[in-house]
Amino acid sequence: MMDEKQTFEGVDLEEQQQGQEWEEKIAPWKNQITVRGLIVSLLIGIIYSVIVMKLNLTTGLVPNLNVSAALLAFVFIRFWTKLLHKAGIVSSPFTRQENTVIQTCAVACYSIAVGGGFGSYLLGLNTKTYEQAGVDTPGNSPGSHKEPAIGWMTGFLFVTSFVGLLALVPLRKIMIIDYKLTYPSGTATAVLINGFHTPKGDEMAKKQVHGFVKFFSLSFIWNFFQWFYSGGGNCGFSQFPTFGLKAWKQTFFFDFSMTYIGAGMICSHLVNLSLLLGAVLSWGVMWPLIQQQKGDWYSADLKESSMKSLTGYKVFISIALILGDGLYNFLKILFYTTKNIHDRLKEKSPNAALSRQNQPIDEVERNKLFMRESIPVWLACVGYVLFSIVSIIIIPIMFPQLKWYFVLVAYVLAPSLGFCNAYGAGLTDMNMAYNYGKVALFILAALAGKQDGVVAGLVGCGLIKSIVSISSDLMHDFKTGHLTLTSPRSMLLSQAVGTAMGCVVAPVTFSLFYKAFDVGNPNGEFKAPYALIYRNMAILGVEGFNALPHHCLQLCYGFFSFAIAANLIRDLGAPKIAKFIPLPMAMAVPFLVGANFAIDMCVGSLAVFVWHKLNDKKAGLMVPAVASGLICGDGLWILPSSILALAKVNPPICMSFSAS
């Protein structure tokens, strides 16, 4: 007994010493947020806001760039400290905590550009989308449009974005420590950051930085070069008829977009092949066949852009796939979340206590540090109530169609919806915020009636989506902070600062695109497909199936059922079969956008596949850095090209192709 006692006390003493060492090494939470960190966060936030805005307004498909943001934060701060060192100025050490705070702030900034509705529900309010949806469509009532402007968009974002930050703060211990939710994206980011701040990590980071800079430069120079040949419509390398002119007319060509090649390198093979399958099925088979029914299924006198013409089939079949996939995953995550919580509640407390005793020392210390600097519950609750009151007053003034009591009900339900979404994201890494938003869209559009339904549905969708999404994102960040020993206070504050940055940066970035390019043109580069999709969802909520063109309902039933069946087979079928089942949500994107970007994504996927075959270890290390370089180089070129477009400086040459 004595030996056991001494051993136990020895272990306990060792644990205490290690815990004290950890606490001494880690800076107080106020010191984890630095001026240089905020400057770098803003810079990364601006760069990535431009990139994701382009993705939003071209295809609406945005890959997860959190890991890339952490890498870029490391690159910028190391460059910063080296410059100061050469100038003879001593700077404070760059810690993993500061790296985490910068990544959190930067991601919060560009997340507003991703989820702020600039390519979906807010853009769906503009005049061009209103006209595309059909002025004569009964549910598309006159006056149900509002032109984008920096002023009201910034105000709307400030009013709606901060509520979600406070909704789940009191539950952080339950989600991260008690339930031990994994939050795969947050964990992956933490692993990368922890890896950077080790002796071996420094050597690894140097290789990644070199790869990033090399491909960033190549991407930027390539875009600069091809700009000279794009003077006019359908000109330049982006219109190169790779597979012939007939295929080019059906959007089957490789357009040399470094952004989508990089995105294809980040996305899984299944996503990219699903995109290609959707492109072949729609532009290769369905649209040519439906075009042959012109004069029978729809009037030959109608423009192709009319919702009663071919565009109507493109839009509503896309909606059917999106809704089928969204509904299935929504119910699946809800079931999975409910079952998991029920199973945890059934666990006996002695077992839970025993499991806590058997925790590894590093996890015990992480939990202690995570809970050491608490965030007062009263502060979160008071803040939530105050922000909610402001929204309930301001939003109905900005959009009279959305009554104050709708906003009140939204904020009463938001914490429970946010909990469900954050819990599901912790288990599966799937953020279902858009699906919660779509449910709100249909309900509000139906309740508000024909006159107000479209605007009420679109704005209400944004309201719910914003709260639910930001709550989930914050939990991802708390998980990263927990694993990198970063204070929850500094994480919450950096998220708030990043959100404030995003509320200013995102509308300005969008305005740059909106003024410089022809956003919303179905035949142009910036099609903004989801703006039209979301507006038609609202019209569908108001009008029901009367909004659909002839025979479209039967096709929608078929694709909705296909989406459900595909998900069921992938989840319940044999693994050998399931891995070949496409993703319906990914298939839906090219239905409206075209096939060219899917080909770019597949080229990126092919490059990764070949690289892994040739050198698996190097590929695993370098793929994220190379992909980030390609995306950032292309994204940075958008700034000078936008300025040139605003200054009416056109490319000097038009390189186009025609039949011999």
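Biologist: Is C654 buried, partly exposed or exposed?
Modeller: Keep in mind that this is a predicted model. C654 counts as partly exposed, with a relative accessibility of 39%.

Biologist: Which residue does a disulfide join to C654?
Modeller: That is C235. The S to S distance is 1.9 Å. The structure holds one disulfide.

Biologist: What parts of the chain does that pair tie together?
Modeller: C235 sits in the loop between α11 (199-227) and α12 (245-249). C654 is in the segment after α27 (616-646). So the bond links parts that lie 419 residues apart in sequence.

Biologist: And C235, buried or exposed?
Modeller: Buried. Its relative accessible area is 5%, and the cut-off for buried is under 20%.

Biologist: Is the disulfide left-handed or right-handed?
Modeller: The torsion about the S-S bond of C235 and C654 is about -65°, so the disulfide is left-handed.

Biologist: New topic: helices. At what angle do α3 and α5 cross?
Modeller: At roughly 35°. Helix α3 covers residues 35-58 and helix α5 covers residues 96-115. Their axes come within 7 Å.

Biologist: Is that crossing left-handed or right-handed?
Modeller: Right-handed.

Biologist: Which residues make the contact?
Modeller: On α3 they include L38, V40, I44, Y48 and V52. On α5 they include I102, C105, A106, C109 and Y110. The contact residues divide into 13 nonpolar, five polar and two charged.

Biologist: One more helix, α22. How many of its residues are buried?
Modeller: 15 of its 15 residues, so by the under 20% cut-off α22 is mostly covered.

Biologist: What span should α22 have, and how far apart are its ends?
Modeller: α22 runs over residues 529-543, which is 15 residues. At 1.5 Å a residue, it should span 21 Å. Its end C-alpha atoms are 21 Å apart, which agrees.

Biologist: What comes just after α22?
Modeller: G544, which takes a positive phi of about 75°.

How values were computed:
Residues numbered from 1 in each chain as written. Predicted model: local features only at pLDDT ≥ 70, side-chain atom pairs only at ≥ 80, totals over all residues. Heavy atoms only, no water. Axes fitted to C-alpha atoms, helices over the stretch in contact; angles between N-to-C directions. Helix = DSSP H or I, 4+ residues; strand = E, 2+ residues; numbered from the N terminus. Left-handed = near helix turned anticlockwise from the far one by under 90°. Contact = heavy atoms within 4.5 Å. Nonpolar A, V, L, I, M, F, W, Y, C, P; charged D, E, K, R; others polar. Expected span 1.5 Å × (residues − 1). Buried < 20%, exposed > 50% of the residue type's maximum accessible area, 1.4 Å probe, protein only. Disulfide = S-S within 2.5 Å.
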